[in-house]
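User: I would like to learn how to read a protein model. Please take me through it one feature at a time.

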Amino acid sequence: MTDDIEVSRHNAVRFPGISPRAYEHPVDRGALATLRAVPGFAQVVKAVSGFYAERGERLMALASGIRVGPKQYPELDKLRNECAEALDLERVPNLFVARSPEVNAQTIGMDEPFIVLNTAAVEAMDLASLRFVIGHEMGHVLSGHAVYRTIMIRLIGLQMSMSWTPVSAIGIRVVIAALREWYRKAELSCDRAGLLCSQDPTAALRSQILVAGGIDPSKIDIPAFLQQAAEYESVDDIRDSYLKLRYVETMSHPLAVVRAAQLQKWAASEEYRGILAGEYPRRDADAPSSTWTDDLKSAAKSYKDSWNSSADPLTKVFSDVGEAVSGAAGKVWSKFGNGSGEGASESGK
């Protein structure tokens with residue numbers, strides 16, 4: 001942890017009662033809305049897999065890492081409480097520092113989520129950047145992502161056990177690919193939560209430069225770094241498009257440079273400024289059962305906008321097909337969302 005001058009927090013904005021919907025990426029919200037719409041789904045997953053895995057992981061963290069508190073890493077303890085306060089979490093998650101050469105952090109657990117921060121991140125980042133990282137993990141806690149990530153982990157295990165049945169394995173692979181696509185978007189969501197906690201886009205960018213391979217962020221040319229993302233998105237060879245799909249499919253996290261560009265774009269948006277001004281949805285007004293159709297439509301629109309603005313040739317090939325599928329899906333969701341045919345007729349106007 002570097003000894004840079006601490007960023008003053010006396011003007012920091014807090015977000016009382018903020019709903020995770022305020023920062024969740026549209027595709028993240030769409031996937032979560034589908035799962036949240038199933039009555040008792042999260043409770044069943046918790047009962048089946050949360051008890052054993054979570055207790056064991058918590059004991060391992062307690063026995064092998066340093067639990068952050070007023071007497072152990074007090075600077076990190078201050079950041080932990082600041083981030084929980086900014087997002088108005090009911091309970092401040094425990095934070096552990098674990099020895100690892102990878103610049104990373106993770107949130108574990110469903111009933112009592114806790115955060116594990118790697119020593120490589122602590123050693124490489126200043127306090128402002130660490131605030132962003134810890135805020136990112138607090139976003140996972142508030143959004144309840146651990147429940148759905150567990151499903152992905154269980155399905156991966158199931159895929160391995162069924163690898164001898166090609167048809168079943170292929171079917172599960174499709175579902176896993178969809179869940180991984182969701183989780184990559186969930187990471188983008190929590191980058192936004194981290195920015196809401198840090199309220200410092202430059203510090204967020206420094207942390208993402210370190211994840212991407214920077215050793216000293218001050219020696220990285222920011223425009224050149226962000227230009228890499230633009231070049232990645234604008235490949236004009238369909239062979240490159242295929243390679244992008246092939247390699248990204250198995251990734252659990254977004255590509256580092258593209259991820260950084262996405263967050264900087266959001267930091268410059270009216271949406272972000274509106275949240276800082278207090279214009280955001282509150283948890284006490286959330287009604288997932290009545291809003292999931294809107295979330296699915298929003299997810300479809302997000303993909304469509306991405307396709308239309310991309311210079312990637314394979315993406316453009318899929319654009320027309322995706323638009324037709326999104327339109328048809330919207331009619332189906334509208335019809336079943338209100339239990340009658342009214343929604344379907346409205347979506348056709």
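User: In which helix does A61 lie?

Analyst: A61 lies in helix α2, residues 41-64. Helices (H or I, at least four residues) and strands (E, at least two) are DSSP runs, numbered from the N terminus. This is a predicted model, in which local features need pLDDT of at least 70 and side-chain atom pairs count only at pLDDT 80 or more, while totals for chains, interfaces and linings use all residues. Residues are numbered from 1 along each chain as its sequence is written, and side-chain values use heavy atoms, with hydrogens and water left out.

User: Is A61 buried or exposed?

Analyst: Buried means under 20% relative accessible area, exposed over 50%, and partly exposed in between, with a 1.4 Å probe and protein chains only. A61 has 10% relative accessibility, so A61 counts as buried. Across the chain of 349 residues, 43% count as buried.

User: Which residues is A61 in contact with, leaving aside its neighbours within four places in sequence?

Analyst: Contact means heavy atoms within 4.5 Å. With those neighbours left aside, A61 is in contact with F96 and F114. Distance along the sequence and distance in space are separate things: A61 and A98 are 37 residues apart in sequence, yet their C-alpha atoms are 7.7 Å apart. For the chain, take the contacts between residues at least 6 apart in sequence: 73% of them join residues at least 24 apart.

User: How many helices and strands are there in the chain?

Analyst: There are 15 helices and 4 strands.

User: What is the order of the strands in the sheet?

Analyst: Strands of a sheet pair through backbone hydrogen bonds, either parallel or antiparallel. Two strands pair if DSSP finds at least two bridges between them. Here the sheet is open, with the order β1-β2-β4-β3 and mixed pairing. β1 (66-67) and β3 (105-108) stand at the edges with a single partner strand each, so one side of each has no neighbour in the sheet.

User: In which sense does β3 pair with β4, parallel or antiparallel?

Analyst: β3 and β4 (residues 114-118) pair in the antiparallel sense, over 4 bridges. Q106 stands opposite V116 in β4, and I108 has F114 of β4 as its bridge partner. The two strands form a hairpin with 5 residues between them, and G109 in the turn has a positive phi of about 100°. On the other hand, β2 and β4 pair in the parallel sense over 4 bridges, and A98 has N118 in β4 as its bridge partner.

User: Which way do the residues of β4 point?

Analyst: In a regular strand the side chains alternate between the two faces of the sheet. In β4, F114, V116 and N118 point one way, while I115 and L117 point the other way. Of the 5 residues of β4, 5 are buried, so β4 is largely enclosed by the rest of the structure.

User: How do I check the length of a helix such as α8?

Analyst: The expected span of a helix is 1.5 Å times one less than its number of residues. The 12 residues of α8 (residues 201-212) should therefore span 16 Å, and the end C-alpha atoms are 16 Å apart, which agrees. After α8 comes G213, with a positive phi near 130°.

User: Which residues of α8 are buried?

Analyst: The buried residues are A203, A204, L205, S207, Q208, I209 and L210. S207 has a relative accessible area of 3%. Apart from neighbours within four places in sequence, S207 is in contact with M125, S129, F132 and V133.

User: At what angle do the axes of α8 and α11 cross?

Analyst: Axes are lines fitted to C-alpha atoms, for helices over the stretch in contact, and angles run from 0 to 180 degrees between N-to-C directions. The axes of α8 and α11 cross at roughly 175° and come within 9 Å. Angles under 35 degrees count as roughly parallel, over 145 as roughly antiparallel, 65 to 115 as roughly perpendicular and the rest as oblique. That makes α8 roughly antiparallel to α11.

User: At what angle do α9 and α11 pack?

Analyst: α9 (residues 222-233) and α11 (residues 256-267) pack at about 105°, with their axes 8 Å apart. They are therefore roughly perpendicular to each other. The contact includes F225 and L226 of α9 and V257 and V258 of α11.
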